[in-house]
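Please keep the sequence and the 3D view at hand while reading.

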Amino acid sequence: MHASELLSRALDDLPPVEGSAGVAFSAGPDSAALAVMAAEWARRRGLRLWLFHVHHGLHQDADAWTDRAADLARRLDLPLLVRRVKVDSDDPAGIEAAAREARYGALADMAAEAGVATILLAHHLDDQAETVLLRLLRGAGPDGMGAMGRETWKEGIRYLRPWLAVPRIRILAFMQAYSARSGFEAVLDPSNLDTRYARGILRAQVLPAIERHWPGYRSTLERFARRSAEVAALLKEVAQADLEMIQEPRPPYGNALRLSALNRLAPARRAMVLRLWLAGHGMAAPPEARLREMIRQLQDAAQDRQLLLRHGDMQVRRYRDHVIVDSRDSRPPAARAASVEFRWDGEPSVRLDAMEGTLLFLIEESGIDPAWLRNTGLTMRRRRGRERLQVSPQTPSRSLKNLYQERGIPSWERERLPLLYRGDVLVYAAGLGPDARTPRASPGVRLEWRPDHPGATVMF
């Protein structure tokens, strides 16, 4: 089959695209071939096609590459958008990863400007084989070994890779013929064979040696990637079924895990469930060693121990038989305002920024005597320990610690619950209610604390 026919058929096999599409266009031979073939493909389907070029600024000829991109866009009579990006060469993930993130960000930006929801990428069979090897060497699991998908989503943009099963030699053959006809010369990026980069080492040294002994390695690795993706999808289904059996909603934390049910799962299934659950909370999958340590601590912690595991900006907490993800302010109480003084003049609410919430004064048939609260010094402050509250006239006062424990309010939530004082008299404890010894009246005031970050009175 002629190279142009092979490439055209691959484009025709794409999922449906409506309205418009973009091509990620570096002006190298792969993306140039995609631009040429996609131009005809789009015309046949009545689609508006855009070319998106990212100027990374990493090579001295980057400006000339942009000019080359503009040249082909003119030849094809296609609109071209260009974005210049700054790549952080000191990124801990490496310059390749930093450039990739910058590139996808620029593509999303250009897609938004053009009103495009689908972008075509020129990744081919050789790229897929390289990706499989790199991920294998970096210790990826079945999901990572699925490598690049034919259809993926990132930041709301659909990316299609029509040529993942096409060897690069066929793409180059097409581009050579096109160049001979048109005079257009694609860009040759020397960094592709630069052995300072991981892919450069593979292309310049490793893959030539592999090909001498296993010339069909590309198709073998592509088949392995497809099977790995199938296995990963199956494992995700199993993990999702397990997760649905052992999670339950616990606002404002989203879904919490029942620890006893989690620990009854086999170790491998437990790890899969944790990864899926963390992903559902927007958290990156922890490294394998870190995940094993989380599993060990969740399994071995004493029943009354309130476990705290930090993962990025989030906190994985255990309270009784629940495991939750807490993304709210993790500052220790000492780092927050200790107290704030104010006066109540009869208004329905008082905003207390230093306490990160609003205190409501609700007039009801019976409650705290408004005259006793009005026009006198009131203080909202954090707990200091040893406070006591009498919840009803028929019971003695008890420690706040014991009352909060009975309500099932975790210790980290208690640290966020302020107390209202009139002078030295405790009037109200958020999450528990008023002290029964406060003067009463009809009508009276019912106090209610509304934190800026709901959840301070969640009960387990």
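## Helix packing and sheets

Helix α11 (residues 267–280) packs against helix α12 (residues 288–300) at an angle of about 105 degrees, and their axes are 10 Å apart. Angles from 65 to 115 degrees count as roughly perpendicular, so α11 is roughly perpendicular to α12. The model is a predicted one. On the α11 side, the residues involved are Arg270, Ala271, Leu274, Arg275 and Leu278; in α12 they meet Leu291, Met294, Ile295, Leu298 and Gln299. Sorted by class, the contact of α11 with α12 has seven nonpolar, one polar and two charged residues.

Helix α11 also meets helix α9 (residues 217–246): their axes come within 9 Å and cross at roughly 80 degrees. This makes α9 roughly perpendicular to α11. The α9 side of the contact consists of Leu235, Lys236, Val238, Ala239, Gln240, Asp242, Leu243 and Ile246, while α11 contributes Arg269, Met272, Val273, Leu276 and Trp277. By class, the contact of α9 with α11 has nine nonpolar, one polar and three charged residues.

| Helix pair | Angle between axes | Axis distance |
|---|---|---|
| α11 and α12 | about 105 degrees | 10 Å apart |
| α9 and α11 | roughly 80 degrees | within 9 Å |

The strands come next. Strands of a sheet pair through backbone hydrogen bonds, either parallel or antiparallel.

An open sheet of six strands has the order β3-β2-β1-β4-β6-β5, and its pairing is mixed. Strands β3 (80–84) and β5 (151–154) stand at the edges with a single partner strand each, so one side of each has no neighbour in the sheet. From one strand to the next, the twist averages 30 degrees. Strand β5 runs antiparallel to strand β6 (residues 157–160), and four bridges join them. In this pair, lysine 154 stands opposite isoleucine 157 of β6. Helix α3 (residues 62–76) packs on the sheet and touches β2 (48–55) and β3; the direction of α3 makes about 170 degrees with that of β2.

Another open sheet has five strands in the order β12-β16-β19-β20-β21, with antiparallel pairing. Its edges are β12 (339–343) and β21 (433–434); each has a single partner strand, so one side of each is left without a neighbour in the sheet. Which strand pairs with β12 over five bridges? That strand is β16 (residues 377–381), and the pairing is antiparallel. Here glutamate 341 stands opposite threonine 379 in β16.

Conventions
Residues are numbered from 1 along each chain as its sequence is written. This is a predicted model: local features need pLDDT of at least 70, side-chain atom pairs count only at pLDDT 80 or more; totals for chains, interfaces and linings use all residues. Side-chain values use heavy atoms; hydrogens and water are left out. Two strands pair if DSSP finds at least two bridges between them. Helices (H or I, at least four residues) and strands (E, at least two) are DSSP runs, numbered from the N terminus. Axes are lines fitted to C-alpha atoms, for helices over the stretch in contact, and angles run from 0 to 180 degrees between N-to-C directions. Angles under 35 degrees count as roughly parallel, over 145 as roughly antiparallel, 65 to 115 as roughly perpendicular and the rest as oblique. Contact means heavy atoms within 4.5 Å. Ala, Val, Leu, Ile, Met, Phe, Trp, Tyr, Cys and Pro count as nonpolar, Asp, Glu, Lys and Arg as charged, and the others, Gly among them, as polar.
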